[in-house]
Amino acid sequence: MSVKKYPNFTLDKFKNFFKSSNLATLQGESGTGKTSASRKLASAHKHLISFIGQKNVIYDSSLESNINLNNKDDEDITNYFIENLRLSHLKNTSKRLCDIASTGERQRIVLARSMMLKTKYIIIDEGLSGLQEEIISKIVKILKNNGKKNFLFITHQSYLISEIANNFDVKNI
């Protein structure tokens with residue numbers, strides 16, 4: 001299946017983004033259809049592609065449950081992300097996580113949750129836009145070392161684009 005505005009944006013074209021690395025960016029001017037095309041592709045291939053939108057949903061539960069969605073088998077992985085994504089200060093809070101987490105913390109929680117998904121490809125739409133460059137670098141390093149999943153970042157952030165070698169412009173898909 002292709003997307004009407006971008007008939008060449010097929011699953012095969014999408015998979016080609018990851019020939020040399022498990023990280024890629026899709027960039028282009030606002031309103032050019034990056035999000036729509038990616039969302040439709042993910043919707044058509046739910047068994048392979050997860051789409052993480054710009055709204056970061058946090059559940060009224062613990063940090064651990066927000067990341068692993070109550071899958072206790074993934075406790076070690078969950079703790080790894082809590083430590084490495086600088087979220088440990090939220091671990092033992094008695095307050096509602098959805099009330100106290102900042103935008104950047106929400107983005108990191110949703111990113112950690114995406115690592116727990118069973119799909120091979122994850123599209124993240126402006127998922128790091130609220131983060132400092134130092135944290136983005138750390139996240140990119142963590143994701144590069146994860147050979148099991150491929151990540152496509154839809155972004156306008158020049159710093160993120162410079163951190164990732166595989167960069168594609170929506171005009172060329």
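# Group meeting: a walk through a predicted model

T25 is in contact with L152, F153, T155, I161, I164, N166, N167 and F168, leaving aside its neighbours within four places in sequence. I start there, and I will come back to that residue.

First, the overall picture. The protein has eight helices and five strands. Going along the sequence, the order is α-β-α-β-α-α-α-α-β-α-β-α-β. There are 173 residues, and a compact globule of that length would have a radius of gyration near 16 Å; the protein has 16 Å, so the two agree. The C-alpha trace spans about 50 × 30 × 30 Å along its principal axes.

How much of the protein is buried? Of the 173 residues, 50% count as buried. The protein exposes about 9000 Å², and carbon and sulfur atoms supply 46% of that. On contacts, take those between residues at least 6 apart in sequence: 75% of them join residues at least 24 apart. On charge, there are 26 positive and 17 negative charges, and their mean positions are 7 Å apart.

Now back to T25. This residue sits in strand 1, residues 23–27. T25 is buried, at a relative accessible area of 0%, against a cut-off of under 20%. One of its contacts is T155.

T155 is in the loop between strand 4, residues 150–154, and helix 8, residues 158–163. Apart from residues up to four places away in sequence, T155 touches T25, L26, Q27, E126, L160 and I161. Of these, T25 belongs to strand 1. For a distance across the model, T155 and K91 are 64 residues apart along the chain, and their C-alpha atoms are separated by 29 Å.

E126 was in that contact list too. E126 is found in the loop between strand 3, residues 121–125, and helix 7, residues 133–144. Its phi is near 50°, which is a positive value in a residue other than glycine. E126 is buried, with a relative accessible area of 16%.

Staying with strand 4, the next residue is F151. F151 has a relative accessible area of 0% and is buried. What does F151 touch, not counting residues up to four places away in sequence? The list is F18, N22, L23, A24, S114, M115, I122, I124 and L143. F151 and D169 are 18 residues apart in sequence, and C-alpha to C-alpha they are 16 Å apart in space.

Two of the names on the F151 list, S114 and M115, take us to helix 6, where both are among the buried residues. Helix 6 covers residues 103–116. At 1.5 Å a residue, its 14 residues should span 20 Å, and the end C-alpha atoms are 20 Å apart, so expectation and model agree. Why call this helix largely enclosed by the rest of the structure? Because twelve of its 14 residues are buried. Those are G104, E105, Q107, R108, I109, V110, L111, A112, R113, S114, M115 and M116. As a reminder, an α-helix has 3.6 residues a turn, so residues three or four places apart point the same way.

Last, the region around helix 4. Helix 4 runs over residues 75–84 and contains N79. N79 is partly exposed, at 26% relative accessible area. N79 and L63 are 16 residues apart in sequence; in space their separation is 9.9 Å, C-alpha to C-alpha.

Then comes the loop between helix 4 and helix 5, the latter being residues 97–100, and R86 lies in this loop. R86 is not a glycine, yet it has a positive phi of about 55°. Its relative accessibility is 37%, so R86 counts as partly exposed.

N92 lies in the loop between helix 4 and helix 5 as well. Is N92 buried or exposed? At 73% relative accessibility, N92 counts as exposed, the cut-off being over 50%. N92 and E29 are 63 residues apart along the chain, with their C-alpha atoms separated by 41 Å.

Terms used
Residues are numbered from 1 along each chain as its sequence is written. This is a predicted model: local features need pLDDT of at least 70, side-chain atom pairs count only at pLDDT 80 or more; totals for chains, interfaces and linings use all residues. Side-chain values use heavy atoms; hydrogens and water are left out. Helices (H or I, at least four residues) and strands (E, at least two) are DSSP runs, numbered from the N terminus. The radius of gyration is taken over C-alpha atoms; the globule rule is 2.2 Å times the number of residues to the power 0.38. Buried means under 20% relative accessible area, exposed over 50%, partly exposed in between (1.4 Å probe, protein chains only). Contact means heavy atoms within 4.5 Å. Accessible areas come from the Shrake-Rupley method with a 1.4 Å probe; for residues, only the protein chains shown count as cover. Lys and Arg count as positive and Asp and Glu as negative; His and the chain ends are not counted. The place of a charge is taken as NZ of Lys, CZ of Arg, CG of Asp or CD of Glu. The expected span of a helix is 1.5 Å times one less than its number of residues.
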